[in-house]
Amino acid sequence: MTSRDDLGVVARPASAGRSHRIRGLVGTGLVATLAATVVTTLAAALARAAGVGFAIPDGGETIPLSGFAVVTGFFSIVGVVIAAALLRWSARPADWFLWTAGSLTVISLIPPLISGADTSTIAALLGLHLVPAAVMIPTLARSLRSRTD
């Protein structure tokens, strides 16, 4: 429901503004997710072309390029959901997002380190964890700031 004041200005309920801000954030997040997925997959392809095997000793399987795309896309969407939840329920969403995303990024570096893979695979995997973080975290934090100022 909307109402008009004496000057004819339409006042919308607070929920309309909130949903608009969240939709904008999600749109920005989805574009950043696509960019992070493409850049990470290309970086993995370059690493593979440079001789990185991406073989994980437990099971002896090699990580396919599509695996990098799927995992990057999934966890980037998780980041967008976290950002949207913080925008909805936090007074300082950008600050909390930076803290949360930074912590989760650091935690994500542990599996490659304990995987038992060779040094080149570990180094490449660590870098490939940082690539999407470098795309997603600043983009979402900036978007959160612009929607709360």
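**Figure 1. Aromatic pairs in the predicted model.** A pair of aromatic rings is described by the distance of the centres and the angle of the planes. Two of the pairs get their own close-ups here.

**Figure 2. F54 and F68, an edge-to-face pair.** The ring centres of F54 and F68 sit 4.9 Å apart, with 65 degrees between the planes. F54 comes from the loop between helix 1 (14–49) and strand 3 (55–56), while F68 belongs to helix 2 (residues 65–89), so the pair ties together parts that are 14 residues apart in sequence.

Figure 3. An α-helix has 3.6 residues a turn, so residues three or four places apart point the same way. As for solvent, W96 counts as partly exposed because its relative accessibility is 43%, and W99 counts as exposed at 58%.

**Figure 4. Helix 5 and its bend at A133.** How far apart are the end C-alpha atoms of helix 5? They are 43 Å apart, and this agrees with the 44 Å that its 30 residues should span at 1.5 Å a residue. Look along the helix to A133 and you'll find a bend of about 30 degrees.

**Figure 5. V131 and its contacts with V39 and T40.** V131 is found in helix 5, which covers residues 119–148. With a relative accessible area of 23%, V131 comes out as partly exposed. Leaving aside residues up to four places away in sequence, V131 touches V39 and T40. V131 and V39 are 92 residues apart in sequence, yet their C-alpha atoms are 7.5 Å apart in space.

**Figure 6. Stepping back to the whole protein.** The secondary structure comes to five helices and four strands, and along the sequence these follow the pattern β-β-α-β-β-α-α-α-α. Of the 149 residues, 32% are buried. Among contacts between residues at least 6 apart in sequence, 67% join residues at least 24 apart. The protein exposes about 8,800 Å², with carbon and sulfur atoms supplying 69% of that area.

Notes:
Residues are numbered from 1 along each chain as its sequence is written. This is a predicted model: local features need pLDDT of at least 70, side-chain atom pairs count only at pLDDT 80 or more; totals for chains, interfaces and linings use all residues. Side-chain values use heavy atoms; hydrogens and water are left out. Helices (H or I, at least four residues) and strands (E, at least two) are DSSP runs, numbered from the N terminus. Buried means under 20% relative accessible area, exposed over 50%, partly exposed in between (1.4 Å probe, protein chains only). Contact means heavy atoms within 4.5 Å. Accessible areas come from the Shrake-Rupley method with a 1.4 Å probe; for residues, only the protein chains shown count as cover. The expected span of a helix is 1.5 Å times one less than its number of residues. The bend at a residue is the angle between axes fitted to the seven residues ending there and the seven starting there. Rings of Phe, Tyr and Trp (its six-membered ring) pair if their centres lie within 6.5 Å; planes under 30 degrees apart count as stacked, over 60 as edge-to-face and the rest as tilted.
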